[in-house]
Amino acid sequence: QPTDVVKVRFQAQRNLGGAPKRYNGTFQAYKSIAKDEGVRGLWKGTFPNITRNAIVNCSELVTYDIIKETILRKKLLTDNFPCHFISAFGAGFCATVAASPVDVVKTRYMNSA
């Protein structure tokens, strides 16, 4: 979690344009966040991150099975690599769509200083 917070902060400072950078390096970012916001600052966005992970895992598992069973039931493919690949691709897409709103909230929490 702390590494995710630092990563989000680095990505955000890259888009600041001409504004001065808040962090000069990874270790300085960890130190600065802990000093300015307390150790809890490194754990910002934990609840949205857990929520996002639960949504991703549940939606991937459910949609993978639904897609695979539909492909097999309609006899579009047999139970082989292309069937699993298409099912996994569809499940990943559905998980991304389902988790995107929570991902935005998570990123905003982590980026707030």
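Phe85 is part of helix 4, which spans residues 81–111; helices here are DSSP runs of H or I with at least four residues, numbered from the N terminus. The model is predicted, so to speak of local features pLDDT must be at least 70, side-chain atom pairs count only at pLDDT 80 or more, and totals for chains, interfaces and linings use all residues. Residues are numbered from 1 along each chain as its sequence is written, and side-chain values use heavy atoms, with hydrogens and water left out.

**Exercise 1.** Work out how helix 1 and helix 4 are arranged.

*Solution.* 
- Start with the axes, which are lines fitted to C-alpha atoms over the stretch in contact, with angles from 0 to 180 degrees between N-to-C directions.
- Helix 1 (residues 2–14) packs on helix 4 at an angle of about 85 degrees, the axes being 9 Å apart.
- That makes the two helices roughly perpendicular, a label for angles of 65 to 115 degrees.
- Next, find the contact, meaning heavy atoms within 4.5 Å. Helix 1 brings Asp4, Val5, Val8, Arg9 and Ala12, and helix 4 brings Lys106, Thr107, Met110 and Asn111.
- Sorted by class, these are four nonpolar, two polar and three charged residues.

**Exercise 2.** Find which side chain Asp4 meets in a salt bridge.

*Solution.* 
- Know what to look for: a side-chain nitrogen of Lys or Arg within 4 Å of a carboxyl oxygen of Asp or Glu.
- The partner of Asp4 is Lys106, at 3.1 Å, N to O.
- Now place the pair: Asp4 sits in helix 1 and Lys106 in helix 4, 102 residues apart, so to say linking distant parts of the chain.
- Searching the whole structure turns up seven salt bridges.

Methods. Parallel < 35°, antiparallel > 145°, perpendicular 65-115°, else oblique. Nonpolar A, V, L, I, M, F, W, Y, C, P; charged D, E, K, R; others polar.
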